[in-house]
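Here's a quick tour of how the parts of this model sit against each other. Have the sequence and the 3D view open as you read.

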Amino acid sequence: MSTEKNIYTVTIYTENNIGLLNRISAIFQRRHINIESINSSVSEIENVSKWTLVVKLHVDSMKRIIGQIEKQVEVIKAYYHTDEETIYQESCLFKIKSDLLFDERQIQNIIKESNARIVTVNKVFFVLEKSGRKEEIELLYRELSVFGIMQFTRSGRVAVTKNEMKISTMLKA
Amino acid sequence: MKETETIQIVRKETATTERISGSEAVIKCLLAEGVDILYGYPGGAIMPVYDELYKYQDKIHHVLTRHEQGATHAAQGYARISGKVGVAIATSGPGATNLITGIADAQIDSTPMVCITGQVGSQLLGSDAFQETDIVGISTPVTKWNHQITKASEIPEVLAKAFYIAKSGRPGPVLIDITKDAQFEEFDFKYEKCKGIRSYKPVPETDKNSLKAAAELINKAKKPLIIWGQGIILSEAEEAFKAVIEKAGIPAAWTILGVSAIPTSHPLNVGMVGMHGNYAPNVLTNECDVLIAIGMRFDDRVTGNLESYAKQAKVIHFEIDPAEIDKNVKTDVAVLGDAKSSLKALLPLLNANSHNDWHHKFKALYEIEFEKVIKNDLHPTKESLTMGEVLKEINIHTKGEAAIVSDVGQHQMVACRYANFNTTKSNITSGGLGTMGFALPAAIGAKMAAPEREVVMIAGDGGYQMTIQELGTIFQQKVPVKIVVLNNEFLGMVRQWQQLFFDKRYASTEMVNPDFVAIAKGYHIDAKKVTKREDLKNAVKEMIDCKGPYFLEVRVEKEGNVFPMIPTGASVSDIRLE
């Protein structure tokens, strides 16, 4: 059995019901597995929620957990994919003192080079938004942290797969 | 004239609905699902439902247990012997949390059960109100499904789903929490049974190719071994299973929950696998060339060390729950689906066979186990009574027709090893969770579900005292269960481990016990204590002949051990006989 842990993007299509978050997270908690990130939103199908989780696991554990997730009554289908099989992004917001925008010319260059977007500016602070891979966001964080960051937040991963996920046809069947 | 017309029209429109309270709707849903008995304990947040139970008492029988845990185990016993959904009901807060052990037990042993709990009014949710607890949150990891109802109008659909989910596919427990205001609220009631849920596929489709592949492996096998589990019983595949093993001539061993699917005396029955199972099937698990698992889940108590479990064999797994495939043991062929239909489809693909030489190996190993273990258990020469000889007497007097409800520990292993079963659904025990205190309330449920059956409960002195208060239920309901306590004044299984692996340091395993006979008699239950071999036969006979409930305490050997035994972490083939 391979002992190597991989990063997997877990995609779960579910009914939109109260308590399902608890039920899904309990599957990981019970096995002492940390969820690196989690995102829940509407999906491409009406009244179906789509969850995107990132976990670090052995492939055998991953398969077993997918089985446990799919076993839940309100789960329609669960998938796992490697980074190579998905297109994924995260999003983040930086809140930074407005003075720095004018006092530290370097910041403007960093914003330009990183393809970050200024969401709002007022006298006290400005807010920077950046979408991208985790590494890009981490790089930007490191660069900006030199100047001081008032607040920082990063979203969970959102991902789509390169291959088709046949959920709509499954639901029709 | 006009007025009457309007009234008539309105009546027509509401012909299929009626305006009733949420609590009355609960009863009507239960009746629609064929529930005629439920086990529970009243309290503040469930009182509206109890008020309706009072009104409907001619149609639905509520059994007041002495603890909510007892209600769940009784519901389990009811479900296990009948195959129907057991129902337990309790109030909010402590009433609800007391259900958890039984729910967890039902989850791991795949027992269909619906639990209904009252909850504080929806306006009080989250306010730390009196007897408020987040039972939906608490029960989530141990239920197949759960749901909280805050509006009466949700009751019919949610309860219909609850029964459908509990019973279909791989069965399990469902908990429905109903706020008090939803119980009082009136609405237009209409009930429709649940026929399907889009996100839930109870029985996976059976792939014909995997069936063919399985048949090929079985037909080519020289030393095939079947291990069957409760899946045979849950899918009522007993006859199909018998046909398969008889045609292919394959020795068949069972897990603790699988026993009774075929009669104990069946010539192809080679005994129990696992930690305290029989010698031959355990040893030969590591010699067979094809291992055929049917409706079982390779529990660690069955497999011992997985690294050295059946590595030489091709493994075929017949299973209803896809999550069980490759969970513990990697399979070569997985046949998903309901055991009954899979086995029926398998039968014509199999060649007739007898595997005589292979059977001789089982017989030879049985002889060794008989000499070293079984003979001393069933026909002891030492002075003190053994648990095995009590089972032997019970077999004689019940002729193998009884349902045996065992608790957890040494006596459980002895009961499962030595009890004779002629009919299916007759071994009721807590297999996966190992819940001490299971047996007494489970026996109540079993006897009430099958009043024509003899139901013999067997417990140790430890587990018996965990739910001993249910004697009150037996007395009040006049449930004629036979209660056997095998008293060794120890928590015997733990003591055995302390002896074998902790250098005889008997930490907190010795029990100073009360006068059990006096306690039973306090509940007006006929009772007797046996300490000598010469009194055993008559005492068991008296118990079985008794029309009402009966309590029999047998003082057995204090430091008796259960063998064979696979020590934790050892391989199945390293099973110890002494």
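## Two domains in chain A

The centres of domain 1 and domain 2 of chain A, taken over C-alpha atoms, are 30 Å apart. Domain 1 covers 6–86 and domain 2 covers 88–158, with bounds from an automatic or database domain assignment. Where they touch, domain 1 of chain A puts in seven residues and domain 2 of chain A five; contact here means C-beta atoms, placed from the backbone, within 7 Å.

On the domain 1 side, β2 (35–42) and β3 (48–57) of chain A each give at least two residues, and β2(A) has the largest share with three. Strands are DSSP runs (E, at least two residues), numbered from the N terminus. That side has two nonpolar, five polar and no charged residues. Asp, Glu, Lys and Arg count as charged, Ala, Val, Leu, Ile, Met, Phe, Trp, Tyr, Cys and Pro as nonpolar, and the others, Gly among them, as polar.

## Where the chains meet

Chain A and chain B each bring 15 residues to their contact. Chain B's side splits into eight nonpolar, three polar and four charged.

## A sheet in chain B

Chain B has an open six-stranded sheet with parallel pairing, in the order β11-β10-β9-β12-β13-β14; strands pair if DSSP finds at least two bridges between them. β11 (269–272) and β14 (333–336) of chain B are at the edges with a single partner strand each, so one side of each has no neighbour in the sheet.

β9 (224–228) and β10 (252–254) of chain B run parallel, joined by three bridges. Trp228(B) sits opposite Trp254(B) in β10(B).

## About the model

This is a predicted model: local features need pLDDT of at least 70 and side-chain atom pairs count only at pLDDT 80 or more, while totals for chains, interfaces and linings use all residues. Residues are numbered from 1 along each chain as its sequence is written, with chains lettered from A and ligands numbered from 1 in the order in which they are written.

Definitions and conventions: Two residues are in contact if their C-beta atoms, placed from the backbone, lie within 7 Å. Helices (H or I, at least four residues) and strands (E, at least two) are DSSP runs, numbered from the N terminus.
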